[in-house]
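Good morning, and thank you for making time on the agenda. I should like to walk through a few local features of the structure now being displayed.

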Amino acid sequence: MLENFREAFDGIRSHKLRSALTMLGIIIGIASIIAISSTILGTNEQIKENLIGAGNNAVEIRLYQGDYPFETAYQTVPDYVPILDESILEEVNGIAEIEAASVFFRRDAYNVIWYGGIGMNQGTVYGVDQNYLSVYGYVIRGGRDFLPADFSEFRKVALIDKNVSETLFSGENPIGKTIDLSGEPYTVVGEFTQSKEFEPVISSIDDYYTYTDNSGGKVLIPMSTWPVVFNYDEPISLVVRASGTDAMTTAGRSASELLNSKFTTTGDVLYKSEDLLEQARQLQELSGSTNRQLIWIASISLLVGGIGVMNIMLVSVTERTPEIGLKKALGARKRKISFQFLTEAGVLTCIGGILGVLAGIGLAFLVSRLSQVPIFISWYIIAATIVFSFVIGLFFGAIPAVKASNLNPIEALRRE
């Protein structure tokens, strides 16, 4: 076997230009596949990060009517919907895919949040428990967090995010200022942000509508004071932190099933999880379908390269006919002759595959730099393409190998 590889490399060295031209189709094909697949994987990771954020793996479970969130401000909650409280957390935390959980109230606030004469046209008010910040991956960037006494003593205090701070206070320090929530004064005691800074990439109107819910201003108040601003006995919502990004769908589904098991009867109003991971997958499939077609187009050059390998190996068989005849006359079997030519074809395409991978990585980084498209280099794909290039050599080298092994030794020697 080692002798076959040595002869294969000797043959490539003795015909450098011919071998390089033969590899060109393989190099172009592999380079195109590596560049396209790297762009696909990079785009998919960007889509996932845009939707899920900076790795907090948080999943919201809210009340839905059909496919749309139930709007408590405009709709009457059906009698069969149970009024849940913090006691549900003990059962939720028992779900294997869930690391932590928190309950909260939520209300989209249009012209509800005010500071002096400045109001917010878009924002969300949350009534939260003490676990909310940690479950969502928020940290305090100024001021303080909620204290246990804020909940037990029904203090009118609030935490705000960066968007609310910039909209209402225009660069002023918001800590200690009083905001108005539906006519109720709340003192801002802290400003929170994600533990990892994250800004979704919005490059189209579709991206805006996809990510706008994550970019609106948020005001957090103790859930014990929620009835002061809004209503008593509102249905509670839940947020859970999954054990990993890939566990988000299962965690959200399991938690929503647990909440729905508390219903005495069923209707079109049920708890559902906000499956951002599934949304990401759908967007990935949408963007990937076109790119997969590009990969198939790029694969055509591999077919052309394989045909070139077969052609050059047929030429090689013709050139080495006397050598093949001599080997067969000395007792070489068909299998040994065919294996020699298969090895040479496989080595030729494998070298082309390696050069194609290097060219593809360079091309991917060039495309990323020019178009600002993220890339992700997968070593599994690199290994697979190198193996595939070797297989191409074996496949297209089969006909020349069979032809060489079937040569009549007498006729072959007669051509000397």
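Helix H9 covers residues 248-260, and at 1.5 Å a residue its 13 residues should span 18 Å; the end C-alpha atoms are 18 Å apart, which agrees. The expected span here is 1.5 Å times one less than the number of residues. Helices are DSSP runs of H or I with at least four residues, strands are runs of E with at least two, and both are numbered from the N terminus. The buried residues of H9 include Met-248, Thr-249, Ala-251, Gly-252, Ala-255 and Ser-256, where buried means under 20% relative accessible area, exposed over 50% and partly exposed in between, with a 1.4 Å probe and protein chains only.

A word on provenance: this is a predicted model, in which local features need pLDDT of at least 70 and side-chain atom pairs count only at pLDDT 80 or more, while totals for chains, interfaces and linings use all residues. Residues are numbered from 1 along each chain as its sequence is written, and side-chain values use heavy atoms, with hydrogens and water left out.

Next, the pair H13 and H14. Helix H13 (residues 379-396) packs against helix H14 (residues 398-405) at an angle of about 40 degrees, with the axes 4 Å apart. Axes are lines fitted to C-alpha atoms, for helices over the stretch in contact, and angles run from 0 to 180 degrees between N-to-C directions. The two helices are therefore oblique to each other; angles under 35 degrees count as roughly parallel, over 145 as roughly antiparallel, 65 to 115 as roughly perpendicular and the rest as oblique. Leu-394, Phe-395 and Phe-396 of H13 meet Ala-398, Ile-399 and Pro-400 of H14, contact meaning heavy atoms within 4.5 Å.

I turn to the aromatic rings. Across the whole structure, a search finds 14 aromatic pairs. Rings of Phe, Tyr and Trp (its six-membered ring) pair if their centres lie within 6.5 Å; planes under 30 degrees apart count as stacked, over 60 as edge-to-face and the rest as tilted. Tyr-126 and Tyr-132 have ring centres 5.8 Å apart and planes at 40 degrees, so this pair is tilted. Both Tyr-126 and Tyr-132 are buried. Phe-395 and Phe-396 form an edge-to-face pair, 5.1 Å centre to centre with 85 degrees between the planes. Phe-395 is exposed, at a relative accessible area of 61%, whereas Phe-396 is buried, at 12%.
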